[in-house]
Amino acid sequence: MRHVFAFKSFAKAEREGRHLDDAVPFLSVYLGHAGINETAKYLKFSNELFPESIDSFGRFMSDLLPEVDYEE
């Protein structure tokens, strides 16, 4: 439950235009963490938090790997 709460809090901060690095200290205090590193673990890479990065990576990878079509 804590992970979902932290993830949703980061997603909301991003949607509202706040940089995630600015949100970590506030969420860290709210969650009662001893340090920022404990809270930063919740910043796992997600297409919900970083849609531009996912799109950019997809365009980059599209020409590097061949399309594979498996037929049964």
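Trainee: Which helix gives the most to the lining of the largest pocket?

Mentor: Before that, note that this is a predicted model, in which local features need pLDDT of at least 70 and side-chain atom pairs count only at pLDDT 80 or more, while totals for chains, interfaces and linings use all residues. Residues are numbered from 1 along each chain as its sequence is written, and side-chain values use heavy atoms, leaving out hydrogens and water. A pocket is an open set of points on a 1 Å grid over the protein atoms alone, where a 1.4 Å probe fits, with protein on both sides within 12 Å along at least five of seven lines, and lining residues have an atom within 4 Å of a point. Here helix 1 gives the most to that lining, with five residues; helices are DSSP runs (H or I, at least four residues) numbered from the N terminus.

Trainee: How do helix 1 and helix 2 cross?

Mentor: Two packed helices are described by the angle between their axes and the distance between the axes. Axes are lines fitted to C-alpha atoms over the stretch in contact, and angles run from 0 to 180 degrees between N-to-C directions. In this model, the axes of helix 1 (residues 2-15) and helix 2 (residues 20-31) come within 10 Å and cross at roughly 145 degrees.

Trainee: Is His33 buried or exposed?

Mentor: Buried means under 20% relative accessible area and exposed over 50%, using a 1.4 Å probe and protein chains only. His33 counts as buried because its relative accessibility is 14%. His33 sits in the loop between helix 2 and helix 3 (36-40), and, leaving aside neighbours within four places in sequence, His33 is in contact (heavy atoms within 4.5 Å) with Arg2, Ser28, Glu38, Thr39 and Tyr42.

Trainee: How much space lies in the largest pocket?

Mentor: About 170 Å³, where a volume is the space filled by probe spheres set on the points, which are joined across faces, edges and corners.

Note on methods: Helices (H or I, at least four residues) and strands (E, at least two) are DSSP runs, numbered from the N terminus.
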